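Please look over the two chains shown below. The report starts inside one chain and ends where the chains meet.

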Amino acid sequence: MNRLPLRTAVFLLGVATVFPMPAADDPAAPAMKPGDEARLDTMARRIDALLEEAWADRGIEPAAPATDERFLRRVSLDLIGRIPRVSEIREFLGDAAADRRRKVVERLLASREHGDYMGALWQGAFAPDIDGNAGSGVETWFARQFGDGVAYDRVARNVVLGTAKGDRDANAGLVADRTPTELAAAVSRTFLGTQIQCAECHKHPTDVWTQDDFWGFAAFFGPVTHPTTKATVQPRFLGAAAAVDSSRPAREQLAAWLASPENPWFARATVNRLWGMLFGAGIVNPVDDLGGHNPPAHAGLLDELAGFFAAGGWNHRDVLRVLTRTRAYGLSSGDGRADRLFAAMPLEPLNAVQLYNSLAVAYHAAKASPSSMQAAGRAPTAAQFLAKFRTAPGQQREYTAGIPQAIALMNGQMFDPMRVAYHEAVIASRTDPERIEALFLATVSRPPVDAELATCLEVLGRETTAAGRRLALVDIHWALVNSAEFAFSP
Amino acid sequence: MPSLSKPSRRQALRTLALSALGCSTSPFLPALAGTLADDPARRRHCILLWMTGGPSQIDTFDMKPGHANGGPFKEIATAVPGLRFSEHLPRLAAHAGSLAILRGLSTKEGDHTRASDLMHTGHLPTGPIRYPTMGASLSKALARGERDLPSFVSVSPYLPYHAGSPGFLGAAHAPLTVAALSGSGQRPDPTDGYAALTVDDAEPRPAYLARQATRLELWRTLEAGFLAEHPQAAALAAHRTVYERAIRFMTGSERALEAFDLAQEPDALRQAYGRGSFGQGCLLARRLVERGVAFVEVAMSTGSRGFPWDTHNDNFTQVARLSAELDAGWATLMTDLRQRGLLESTTILWMGEFGRTPVINAGKGRDHYPDAWSAVLAGGGIQGGAVHGRTTNDGRAVADGRIEVGDLLATLAAAVGVQPTTENLSEMGRPIKIAEGQPVTAVLA
């Protein structure tokens, strides 16, 4: 099953759902309202102040700002899971407006691709054990929630309540076939940022959780028996001393508790996950291991951002708007050293979804959407590709792809038809320098520097026939697609 | 190509109060003519047979006949008097003289993913240090220079539960992974009735070869600027390393790809190993060891889910079937290695991420049980026929000979002639030992 393109097609039909009319009971619909701008800017400047103070305290010199080309590549990968198209780069660089970075963020957040990408990421959090075939229900469900701008407290509530009755996707992927202990682990990992499943058999090795905490939480999702006492366990909130009120449905109480002020984890876990999505590492890292044993890199930053998220009606887009406006997000990668307190942007290998979608852009043989990669010929199905290039959770900064993945990109039949039908931007170009620039924009999202242009012109100049020149252009494209610069988010 | 650290390593070995030194002088009978036998730097090999899901110790190597926890399986005698295995491991029983059973393993993790990390690295995945999987650290210690074939190969791992990362050792020590299973447990279609264990697309195609020189020239030139701009980025260096090795693997002069052509083997031998990915994986392991690969991990990840030993329900039907597959693959591997003179230079470790509950649950299954379980060592450096550790009659606790994961990994290291206290530097500059525990001398030759 061709997961991503199919889903894209589904969303094309329902493109109006990206910006639904704000419902009366849905204060967090994504459209911007007057006054929002000031609130977002205030939070962004607050983050700048907190980080700058911390950098000064520790004598950390932040890296230089990133170039516009790198910013566009980074923010496109982070928000919609692919590199920018040639036309998008040219439009962005040609925009003289002072707030062009802000405008591009709005465009990306409003696109259907944003919801799709969030769906892929949240499936990875909620159900890391399943991939495209088995897990498409989970991914599609989350994609629609994020795409429709459902407030995040309601997303969590829908999951806990077994979601919207009659919602086939959700019930298939989220709840059906999952035991109470699996659901407890998935919900706590995704919405509380904790690994309580480690307490299933014994006290958590590093955190405070006990077996009683785990089984008390699992009891919300079905009848469970304590492995030691053999007693039927009563549902109990994490960290609570007593079981919940047995006269009311337990799951309803859990749903209400999740985003309540009594639960210290929900807001922190979510903003931390969003931070990790943009900065390559959470304020607490790994993003699903919050707790006293694993202190945040900056506790005040995490708390204030969590407060902002809760006060603003649980709108994940607002958090992303704020984060993309911070000074830290606009920094370059410096010399590539592992960052110290977000004073440089770490170079992060593209995850499997980003790589698949970005290859579709780089091999853009026709017009339109990433699904054109399928149209171009025998392109790999998304499920095949994602299975091959999947990265382990928690290793987003490591380059974990190995020899088989490198071989697939260098020599794989997967990309054969796409190699031949090289980029439309090249076809549209009239001179060799223009053609080479198009190849660079299509792959590494920037024009070539003089030395690179000279190298490519020299290689082209060796060819005396039209066929040879065409092969040389394919070679340049091949080299760029297989370069480290293509494989990483700057 | 001897490694630079060889003299100091030899010194370290001399101080090792174990008889593992035998490895450097033991006669080696090469199956491949010439080159390997003459290589003075040739060392030992290691094969990890990884039982994804957590195999039941009571239904395999630590039987409890006469106890309610023992289940329906019967014991059988082995080649070693007094040592008994499950009736479903008859061929392996004949090799008991080369096997050492560790029945006192006791660990503290019952979650598949985390326990897989624990057993592969010796550490839980908590804290800032990314510990390397044992295949990475041991192949680093055992490998002799760069070859076209990587020194660490991992066969059919089930990725969601797999701890295959080289951690702080970096991509140069990552495994070449073949026939990995992703979340849904789907595997490539079998070829000729045997599980397919090839590296897709590795055979260089004419279209690629014709342009390879130009492409590689362009590739090195065009990525140079980005690499130079970020000299401190370890991940970029890893990317470069992986590509250089992939190019060598595809087009190097040592014909590395031939190792994966299992069709070169007699059909009778292939059948003896078993047609599935585990049996064929064992055969591939032998071919790789023969070609000098230091560490091969063969995961048993048969079936639709990828973690077949996770027998929460209907344990006995499943374990009988899995044992048959295990028995064929492993026993044939023992015979094949022995006949080629490779068994005494190859150490085998059999284990999963934990054991299974002695108490049989309502669904005739057994659940996760890290408190008291078994692992098996075999081959080079191992005292064949030895048994270390004992569990109580009900199987619920270790009565004596308790060992932890660190001890097991230290024993494996010692068996292949690697000092377990050998240190590597983590990315923070902190020295980290290959294994933290004490070798179990009773099972070392």
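## Strand β1 of chain B

B:I47 has B:V296 as its bridge partner in β7(B); strands here are DSSP runs of E with at least two residues, helices are DSSP runs of H or I with at least four residues, and both are numbered from the N terminus. This is a predicted model, in which local features need pLDDT of at least 70 and side-chain atom pairs count only at pLDDT 80 or more, while totals for chains, interfaces and linings use all residues. Residues are numbered from 1 along each chain as its sequence is written, chains are lettered from A and ligands numbered from 1 in the order in which they are written, and side-chain values use heavy atoms, with hydrogens and water left out.

Strand β7 (residues 295-300) of chain B pairs with β1(B) in the parallel sense, over six bridges; two strands pair if DSSP finds at least two bridges between them. β1(B) also runs parallel to strand β8 (residues 346-352) of chain B, and seven bridges join the two. There, B:I47 stands opposite B:I348, and B:M51 has B:G352 as its bridge partner.

Strand β1 itself (residues 45-51) has seven of its seven residues buried, that is, under 20% relative accessible area with a 1.4 Å probe and protein chains only (over 50% is exposed, in between is partly exposed). Both of its faces are covered, with B:H45, B:I47, B:L49 and B:M51 on one side and B:C46, B:L48 and B:W50 on the other.

## Strand β8 of chain B

β8(B) is largely enclosed by the rest of the structure, because seven of its seven residues are buried. B:T346, B:I348, B:W350 and B:G352 point one way, B:T347, B:L349 and B:M351 point the other way, and all are buried.

β8(B) pairs with strand β11 (residues 373-379) of chain B as well, in the antiparallel sense and over four bridges. In that pairing, B:A378 of β11(B) is opposite B:I348.

## Chain B as a whole

Chain B holds 13 helices and 16 strands. Its 445 residues are 61% buried. Among its contacts (heavy atoms within 4.5 Å) with a separation of 6 or more, 72% are between residues 24 or more positions apart.

## Where chains A and B meet

How many residues of each chain are in contact across the interface? Chain A contributes 61 residues and chain B 55. About 4,900 Å² is buried between them, 61% of it from carbon and sulfur atoms; buried area is the accessible area (1.4 Å probe) that two parts lose on being put together, summed over both. On the chain A side, A:Y399, A:I403 and A:N411 lose the most area to chain B, together 13% of what that side buries.

The interface has five salt bridges, each a side-chain nitrogen of Lys or Arg within 4 Å of a carboxyl oxygen of Asp or Glu. One of them joins the side chains of B:R211 and A:E463, at 3.3 Å from N to O. Elements that give two or more residues to the chain A side include α18 (382-389), α19 (403-411) and α24 (466-481) of chain A. α24(A) gives the most, with nine residues.
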